[in-house]
Amino acid sequence: MATVNGSRAMPSAVMADFAGLVLAGGASSRMGEDKALLRHGQESLLALAVRRLTAAGADPVLVSGDRP
């Protein structure tokens with residue numbers, strides 16, 4: 001089996017579907033504002049995480065917490 005940076009990589013024929021999970025349910029009490037809604041460029045950190053998981057092939061992408 002081929003290795004990438006010393007770790008074993010699964011052959012693409014064996015790759016399984018996977019779900020993505022974004023943990024966004026914290027109170028952000030030390031931050032003083034909701035970290036998931038902080039902006040990074042034109043999108044929130046929450047939207048960025050969901051977009052990157054989707055682009056990586058995660059289906060479905062689930063978000064914890066009470067977000068719309």
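The following paragraphs lead the reader through selected features of this structure.

The model is a predicted one, in which local features need pLDDT of at least 70 and side-chain atom pairs count only at pLDDT 80 or more, while totals for chains, interfaces and linings use all residues. Residues are numbered from 1 along each chain as its sequence is written, and side-chain values use heavy atoms, with hydrogens and water left out.

L21 lies in strand β3, residues 20-22. Strands (E, at least two residues) and helices (H or I, at least four) are DSSP runs, numbered from the N terminus. L21 counts as exposed because its relative accessibility is 53%; exposed means over 50%, buried under 20%, and partly exposed in between (1.4 Å probe, protein chains only).

The loop between β3 and β4 (39-40) holds S28. S28 is buried, since its relative accessible area is 10%. Its phi is near 55 degrees, a positive value in a residue other than glycine. Leaving aside residues up to four places away in sequence, S28 touches E33, D34 and K35, where contact means heavy atoms within 4.5 Å. The side chain of S28 also reaches the backbone nitrogen of K35 at 3.3 Å.

Charged side chains come next. Side chains of opposite charge can pair when their charged atoms come close. A search of the whole structure finds 1 salt bridge, defined as a side-chain nitrogen of Lys or Arg within 4 Å of a carboxyl oxygen of Asp or Glu. R51 forms a salt bridge with E43, and the closest N and O atoms are 2.6 Å apart. R51 is partly exposed because its relative accessible area is 45%, whereas E43, at 19% relative accessibility, counts as buried.

Finally, a cis peptide bond joins D59 and P60, with omega about 10 degrees. P60 is placed in the loop between α1 (45-55) and β6 (61-63).

Key. Polar contact = N/O pair within 3.5 Å; in protein donor to acceptor, adjacent residues only side chain to side chain.
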